[in-house]
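This briefing covers side-chain contacts in one protein chain. Please look at the sequence and the structure first.

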Amino acid sequence: MSATAGHADGVKSPADRLGIQPGMVVMEIGYDDDGAVDLRDAVAERVGDDLVDEDSDEVVDVVMLWWREDDGDLFDALVNALTPLADNGVVWLLTPKAGRSGHVEPSDISEVAPTAGLQQTSSISAAQDWSGARLVAPKAARGKR
């Protein structure tokens with residue numbers, strides 16, 4: 001199904017669910033063989049460019065952080081994801097769904113995010129095996145980084 005056909009049926013594309021707009025700069029961190037290639041392809045197609053990697057010096061609109069339970073310290077990863085983020089940027093924390101290898105408990109995310117200076121605004125089914133938590137800096141903190 002093409003993106004156009006999906007829109008005609010009222011079905012949102014993966015890029016729509018993440019709020020990705022043409023021209024945005026999207027950084028991807030932690031993608032591996034288990035990631036959802038259809039999601040990253042849809043995002044790259046929507047922005048009209050390649051996703052930038054974590055070594056980029058660009059200021060980005062969105063960070064897609066692929067995270068699994070055994071990847072290390074989530075707090076550190078979230079703090080690092082804030083560094084390149086524009087003031088009104090969004091971190092999409094992508095974690096394996098319940099029952100999948102590497103699943104991260106939602107309670108772990110809700111505990112760590114505020115400590116890292118982020119608040120969760122929504123959760124989505126980002127792909128067949130991946131959930132997404134939308135994290136943003138609280139309005140009072142924007143522009144102070």
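The count of aromatic pairs comes to two. The model is a predicted one. Tyr31, Trp66 and Trp130 make up one aromatic cluster, and a search of the whole structure also finds five salt bridges.

**Aromatic pairs**

- Tyr31 and Trp66 pair edge-to-face, with 5.3 Å from centre to centre and 75° between the planes.
- This pair links distant parts of the chain, since Tyr31 lies in the loop between β1 and α3 and Trp66 in strand β3, 35 residues apart.
- Tyr31 is partly exposed, at a relative accessible area of 26%, whereas Trp66 is buried, at 0%.
- Trp66 also pairs with Trp130: the ring centres are 4.8 Å apart and the planes stand at 85°, so this pair is edge-to-face. The angle is over the 60 degrees that edge-to-face requires.
- Trp66 in strand β3 and Trp130 in strand β6 are 64 residues apart, and their pair links distant parts of the chain.
- Both Trp66 and Trp130 are buried.

**A charge over a ring**

- Arg40 places its charged end over the ring of Tyr31, 3.7 Å from the ring centre.

**Salt bridges around Arg68**

- Arg68 and Asp34 form a salt bridge in which the closest N and O atoms are 2.8 Å apart.
- Arg68 sits in the loop between β3 (60-66) and α4 (74-82), and Asp34 in the loop between β1 (26-29) and α3; the two are 34 residues apart, and the pair links distant parts of the chain.
- Arg68 counts as buried at 11% relative accessibility, because buried means under 20%. Asp34 counts as partly exposed at 37%.
- A network of salt bridges links Asp34, Arg68 and Asp71.

**Other salt bridges**

- Arg46 bridges to Asp16, with 2.8 Å between the closest N and O atoms. Arg46 belongs to helix α3 (residues 37-47) and Asp16 to helix α2 (residues 14-17), so the bridge ties together parts that are 30 residues apart in sequence.
- Asp16 is partly exposed, at 22% relative accessibility.
- Asp129 and Arg100 meet through their side chains in a salt bridge of 2.9 Å, N to O. Asp129 is in the loop between β5 (119-127) and β6 (130-136) and Arg100 in the loop between β4 (85-96) and α5 (106-115), so the pair ties together parts 29 residues apart in sequence.
- Asp129 is partly exposed at 32% relative accessible area, and Arg100 is partly exposed at 33%.

How values were computed:
Residues numbered from 1 in each chain as written. Predicted model: local features only at pLDDT ≥ 70, side-chain atom pairs only at ≥ 80, totals over all residues. Heavy atoms only, no water. Salt bridge = Lys/Arg side-chain N within 4 Å of Asp/Glu carboxyl O. Helix = DSSP H or I, 4+ residues; strand = E, 2+ residues; numbered from the N terminus. Buried < 20%, exposed > 50% of the residue type's maximum accessible area, 1.4 Å probe, protein only. Phe/Tyr/Trp six-rings, centres within 6.5 Å; stacked < 30°, edge-to-face > 60°. Lys NZ or Arg CZ within 6 Å of the ring centre and 35° of its normal.
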